[in-house]
Amino acid sequence: MKSEIIKRVLSSIILIPIALFFIIKGTYFFKFFMIIFLIVAAYEWNSLSKKKIYKIPGFFFLILSIYLTILLRGNTNFELYIFLVTILICVSTDVGGYIFGNLFKGPKINKKISPNKTYAGSIGGFLLSIILVYFFLQYSFLIAEDLPKYFSKGELIWVLLISTVSQIGDFIISFFKRKSKIKNTGSIIPGHGGLLDRIDGMLFALPFSYIYIYFVTP
């Protein structure tokens with residue numbers, strides 16, 4: 001158990017700065033980064049889905065998800081802000097779920113799909129997302145002066161929606177893993193498993209964030 005946690009921490013220390021570099025740089029740097037993501041995710045999905053009926057729809061979803069993610073990042077400071085906050089919510093949801101789930105345990109949400117996920121973990125994901133986004137907004141001026149600095153009702157609704165979608169995405173990928181009788185989608189990231197294991201929630205949350213920001217909010 002300790003060795004797995006150490007692997008997770010070391011992998012995160014290496015991968016997070018790399019990911020942030022491409023996200024912050026944007027333009028063709030980010031597009032190149034996302035193409036690599038798509039190739040690896042498609043490979044893992046192909047191994048996971050094999051000859052299942054949902055194999056081809058899954059490929060189309062991956063392409064659509066990556067495309068909308070590229071649109072969400074865009075090239076402006078506001079788009080960078082939206083992207084970073086969405087990623088922060090997804091990561092906070094995962095970390096909060098892990099910490100609260102292990103601390104408080106309690107009833108499982110659905111043992112058949114994801115035996116480790118609890119209601120306490122789900123609530124923890126929401127709480128940590130709200131707290132970290134609140135503090136992130138206090139320093140949004142580091143990206144640009146004209147970005148939101150206060151945690152309003154609009155931000156609260158956005159955080160809750162993205163966290164919910166991220167958790168649903170996690171369950172969906174877990175469902176397909178159960179259908180394929182595998183624990184992880186791959187082994188490319190030490191301590192984490194496959195790429196899809198790490199970005200399952202983001203695959204759904206990032207496209208949703210784009211749709212919500214540009215087509216739902218006034």
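User: Hi! How much of the chain counts as buried?
Analyst: Of its 218 residues, 41% count as buried. Here buried means under 20% relative accessible area, exposed means over 50%, and partly exposed is in between (1.4 Å probe, protein chains only). Keep in mind that this is a predicted model: local features need pLDDT of at least 70, side-chain atom pairs count only at pLDDT 80 or more, and totals for chains, interfaces and linings use all residues. Residues are numbered from 1 along each chain as its sequence is written, and side-chain values use heavy atoms, with hydrogens and water left out.

User: Thanks. What does the secondary structure come to?
Analyst: Seven helices and two strands, in the order α-α-α-α-β-β-α-α-α along the sequence. These are DSSP runs numbered from the N terminus, with helices being H or I of at least four residues and strands being E of at least two.

User: And what is the radius of gyration?
Analyst: The chain has 17 Å, which agrees with the value near 17 Å that a compact globule of 218 residues would have. The radius is taken over C-alpha atoms, and the globule rule is 2.2 Å times the number of residues to the power 0.38. Along the principal axes, the C-alpha atoms fill a box of roughly 50 × 40 × 35 Å.

User: Which residues touch the most other members of the largest nonpolar core?
Analyst: Trp 45, Leu 62, Tyr 81, Phe 83 and Trp 158, in a core of 45 residues. A nonpolar core is a set of buried Ala, Val, Leu, Ile, Met, Phe, Trp, Tyr and Cys residues joined through side-chain atoms within 4.5 Å.

User: Which elements give two or more residues to this core?
Analyst: They are α1 (2-25), α2 (27-49), α3 (55-73), α4 (77-104), α5 (119-138), α6 (153-179) and α7 (195-216). The largest share, eleven residues, comes from α7. As background, nonpolar side chains tend to be buried together in soluble globular proteins.

User: Back to Trp 158, what does it touch?
Analyst: Not counting residues up to four places away in sequence, Trp 158 touches Tyr 81, Ile 82, Val 85, Thr 86, Ser 209, Tyr 212 and Ile 213. Contact means heavy atoms within 4.5 Å.

User: What about Ser 65, buried or exposed?
Analyst: Ser 65 counts as buried because its relative accessibility is 1%. Ser 65 is found in helix α3 and, leaving aside neighbours within four places in sequence, is in contact with Leu 203 and Pro 207.

User: How many of the contacts join residues at least 24 apart?
Analyst: That is 68% of the contacts between residues at least 6 apart in sequence.

User: Changing topic, where is Lys 181?
Analyst: Lys 181 is in the loop between α6 and α7. Its phi is positive, about 60°, although Lys 181 is not a glycine. At 77% relative accessibility, Lys 181 counts as exposed.

User: And what is phi of Thr 27?
Analyst: Near 45°, a positive value in a residue other than glycine. Thr 27 is in helix α2 and counts as partly exposed, at 36% relative accessibility.

User: Last one: how many positive and negative side chains are there?
Analyst: There are 23 positive and 10 negative ones, and the centres of the two sets lie 13 Å apart. Lys and Arg count as positive and Asp and Glu as negative, while His and the chain ends are not counted. The place of a charge is taken as NZ of Lys, CZ of Arg, CG of Asp or CD of Glu.
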